[in-house]
Every structure is written in C-alpha cells, then in structure tokens.
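Try each task before reading its solution.

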Amino acid sequence: KDSHCAYTMTTTRPRKNLLLLSVAALALLSTTPLLTYAQDAATADIVEDDVTDLGDVIGDAMGDITEGLDEEVVDLDDAAAASVEESSESEEVTAVDDATATADETTTTAESTAEATTDEQTQPQAEEEEEATPPPAQTGPFIDLFGEVLLSLEMVDETHAQVHQHYTNEVLSGKKVVGLYFSADWCGPCRQFTPDLVNFYDKMNARRGKKDEFEIIWVSRCRDVDSFGQYFTHMKWLALPPQEAMGQRGQYLGEKFKVKSIPTLVLLDEIGNVITLDGRNKIPMDKAGVGFPWRSPMSVLVSTLFPRSFRLLVKSQIAGVLEKAKAVLGGAARGGGAAR
C-alpha cells in the first residue's frame, strides 16, 4: 500500500502542479497582450503627447520664424524704401550739384567771354592810345646830331634777331663817353676792327665805378638795308636808322667830324664835344684802356672845374652865337653878290 499509495500520491501532486502552472501560463499569456496593449497604449499616449508637444513646439517655432521673417521683410522693405529715398536724395543732390556746376561753368564762360571781349575792346583802344600818344619832346646836343630815335638789336636765336627803337635822350642818359663808329660790311679793315672794338666796349663798360658809361652809335656805310641788318648782328651797341645813316644825316655827320676813310671812331663827351677823332688808332695802342677816353689836358681841366649843366649852357650859347654869325655872314655875302 505504502508503495502503491505512495506512488499514487506522487503522481497526483505533479498533475496539480502542472495545472497550476498551466493556469499561471494562461494567466501570463492572457496578461502579456494586455501588458503589450497597455504598453502600446501608453506609448501611443506618450507619442501623441510628444507629437502634440512637438507640433506645439514646431507651431511656436514656425510662428516665431514667420514673425521673424515678417519683421525681416518689414525691415528689408524699410531699408529698400530708405535706400530709394537716399538714392532719390543723392540724385537730387547730384542734380543740384550738376546744375550748380553747369551754372558755374556758364558763369565762368560768360566771365571769360566778357573778359575776352573787354580785352579785345581794350587792345584796339590801347593801340589807338599808343598811336595817338605823341613821342616826348627831345632837345639837346645829341638830338641835333643823331635825331630822336636810335636802334638796338637783340638776337632771338642763332638765326633770328629783333630790332628795338629807343628815344635818343633816354638811351644816352648817364653816358660819359659816346663813340661814333663809321663802318661798313664791305670794308675789310672794318670787319677786322669790329671784333676788337666789341671787346674794348665790353671791357670799358665793366670797369669798377664806371660801369655802362661808354656807348657807341654805328653810322652805317652799308649799301642796302639787308647788308645793314647782317652786319649789325656783329655789334652790341646802338645804330642810326639805316635810312638816316645812308642819307643826309649820315653825310652831315661824316662832314662834321671830317671822316675821310673807314673805319673811323670819333669819341664825344657827355654834351657832344669832341674828345678825339682818332679812336680807331688809339685802341690798338691802348687795348687795356688805361688812358681812355684820351682827353686832352685842357678838356680834363674844363670837365673837372665846370659841371655838365654849365658846360651845356655855354655850348648852347656859343652855338647860338655861331648860328647868328653864320646868318649875318650869309646875308652879307648874298647882299654883296646882288650889289655886284
């Protein structure tokens, strides 16, 4: 019994345990879908909540982005409007500047035109005034000898020169010694002596205390005006106008100073009195000009004792007396001839 019973009892208990296990398994099996469902439901709720929260976040973000975009669009619109206004103002300012510049250019052009017109109107008036202005009245011993106008020559370049006119008294003012140089281009001795005279002229006018006190006037013996111009380019001093030098005045001077040949150099003092008629031969003998202008002892004494104004007055009175004497003698000669 015990064995059998025992066996029966041992086999019965496992069945009960198996039943209990089956029920537990069924319970577990039935519980798992429920748990799964519950978990799925909970997950779905969480997901929905997350989705809802995410949608809210996205919505809020989109709203912020939209507002930001709207604000940026508004800012861009404002900036564009401001830029348009600035461009308009700039264009207006530029237009005003252009208009001002145009007005200034117009004003400048008008002023320039007015100035040019004024200059054009003034120039003929000035020329007319110059033409209408008479030359200054000149008197004195040098006017009697040389006339009212003397010429100088200025070299513009190696092949061109310009001739200037000067009033005689003005250009000879302050000169202590005045030379008369009778010379011509066709004369060989003249062409040889002229360079020596140029050197002597420069040397005497460069002396200390006697600078520019020596002047020379060329009395041309050239045969025509072209030769006069060519030969004048080799000289640094003044000249009689060629028509006068080759006319009556040149002839008068040659006779007055006893010119027999050329070259001849006559030296006069400041009032036109003769110092020497032989300057041509004195220069080669005194190239340094130690004794220049080679006055006579009596001439040196007179020029030392009496001032220029007194000597000029005496000379003019003597010249007047001589003219009257000549007139009387000429009348007497004509009267004697008529009586015969």
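## Exercise 1: the nonpolar patch

In this predicted model, Met298, Leu301, Val302, Leu305, Phe306 and Phe310 make a nonpolar surface patch of about 560 Å². Find the helix that gives the most residues to the nonpolar patch, then classify Leu301 by its accessibility.

**Solution.** 
1. The main contributor to the nonpolar patch is helix 9, residues 297–305, with four residues.
2. Leu301 has its place in helix 9.
3. Leu301 has a relative accessibility of 44%.

## Exercise 2: a loop residue

Locate Gln138. Is Gln138 buried or exposed?

**Solution.** 
1. Gln138 sits in the loop that runs between helix 1 (2–132) and helix 2 (141–146).
2. Its relative accessibility is 10%. Buried means under 20%, so Gln138 counts as buried.
3. As a further step, pair Gln138 with Glu170: they are 32 residues apart along the chain, and their C-alpha atoms are separated by 9.3 Å.

## Exercise 3: the second largest pocket

Describe the second largest pocket by its volume, then by the residues of its lining.

**Solution.** 
1. The second largest pocket holds about 220 Å³ of space.
2. It is lined by 14 residues, and those closest to its centre are Lys176, Val177, Glu213, Pro293 and Arg295.
3. Sorted by type, the lining of the second largest pocket has eight charged residues, five nonpolar and one polar.

Technical notes. Residues numbered from 1 in each chain as written. Predicted model: local features only at pLDDT ≥ 70, side-chain atom pairs only at ≥ 80, totals over all residues. Heavy atoms only, no water. 1 Å grid on protein atoms, 1.4 Å probe; cavity = no way out; pocket = protein on both sides within 12 Å on 5 of 7 lines; lining within 4 Å. Points joined across faces, edges and corners; volume = space filled by probe spheres on them. Nonpolar A, V, L, I, M, F, W, Y, C, P; charged D, E, K, R; others polar. Patch = residues over 30% accessible without salt bridge, like charges linked within 9 Å, V, L, I, M, F, W, Y side chains within 5 Å. Areas by Shrake-Rupley, 256 points an atom, 1.4 Å probe, with all protein chains shown as cover. Salt bridge = Lys/Arg side-chain N within 4 Å of Asp/Glu carboxyl O. Helix = DSSP H or I, 4+ residues; strand = E, 2+ residues; numbered from the N terminus. Buried < 20%, exposed > 50% of the residue type's maximum accessible area, 1.4 Å probe, protein only.
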